[in-house]
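Reader: Hi! Could you walk me through this one while I have it open?
Author: Happy to, let's bring it up.

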Amino acid sequence: MVLYATGAIVGSILSPTPLLATLPVTIFVLGMAVCVLPVGELARRHGHQAVFSRIRQFGLPRVC
């Protein structure tokens with residue numbers, strides 16, 4: 001929750017227009033939404049422990 005609040009505050013300070021103030025938070029939320037379904041499907045097919053180990057080994061951005 002702190003990430004959302006600080007992201008909006010920092011965005012409002014750095015953005016040239018108020019319309020772009022929440023862009024960093026929006027990108028974060030959309031990125032999570034895009035990654036959750038594929039990772040969930042992998043976990044269903046291969047098991048949660050195997051997928052979690054693979055994500056931890058290679059990092060989440062490589063999985064999505």
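Reader: What percentage of the residues in the protein chain is buried?
Author: Of the 64 residues in the protein chain, 16% are buried. Buried means a relative accessible area under 20%, exposed means over 50%, and partly exposed is in between, with a 1.4 Å probe and protein chains only.

Reader: Before I go on, what sort of model is this?
Author: It is a predicted model, where local features need pLDDT of at least 70 and side-chain atom pairs count only at pLDDT 80 or more, while totals for chains, interfaces and linings use all residues. Residues are numbered from 1 along each chain as its sequence is written, and side-chain values use heavy atoms, with hydrogens and water left out.

Reader: Thanks! How many helices and strands are there in the protein chain?
Author: The protein chain has four helices and zero strands, giving the pattern α-α-α-α along the sequence. Helices (H or I, at least four residues) and strands (E, at least two) are DSSP runs, numbered from the N terminus.

Reader: On to packing. At what angle do the axes of H2 and H3 cross?
Author: The axes of helix H2 (residues 23-46) and helix H3 (residues 48-58) cross at roughly 130° and come within 7 Å. Axes are lines fitted to C-alpha atoms, for helices over the stretch in contact, and angles run from 0 to 180 degrees between N-to-C directions. H2 and H3 are therefore oblique to each other; under 35 degrees counts as roughly parallel, over 145 as roughly antiparallel, 65 to 115 as roughly perpendicular and the rest as oblique.

Reader: Which residues make that contact?
Author: H2 brings Val39, Leu42, Ala43 and His46, and H3 brings His48, Ala50, Val51 and Ile55. Contact here means heavy atoms within 4.5 Å.

Reader: Let me zoom in on Val51: buried or exposed?
Author: Val51 is buried, with a relative accessible area of 9%, and sits in helix H3. Leaving aside neighbours within four places in sequence, Val51 is in contact with Val39, Leu42, Ala43 and His46.

Reader: How about Leu42, what is its relative accessible area?
Author: Leu42 has 34%, so this residue counts as partly exposed. Leu42 lies in helix H2.

Reader: Switching to electrostatics, how many salt bridges does the search find?
Author: A search of the whole structure finds two. A salt bridge is a side-chain nitrogen of Lys or Arg within 4 Å of a carboxyl oxygen of Asp or Glu.

Reader: Which residues are linked in a network of salt bridges?
Author: Glu41, Arg44 and Arg45 are. Glu41 meets Arg44 at 2.6 Å, N to O, and the closest N and O atoms of Glu41 and Arg45 are 3.1 Å apart.

Reader: Where do Glu41 and Arg44 lie?
Author: Both are in helix H2, three residues apart, about one turn of the helix. Glu41 and Arg45 are four residues apart in H2, so about one helical turn separates them.

Reader: Last one: how accessible is Arg45?
Author: Arg45 counts as exposed at 60% relative accessibility. Arg44 is also exposed, at 59%, while Glu41 is partly exposed at 29%.
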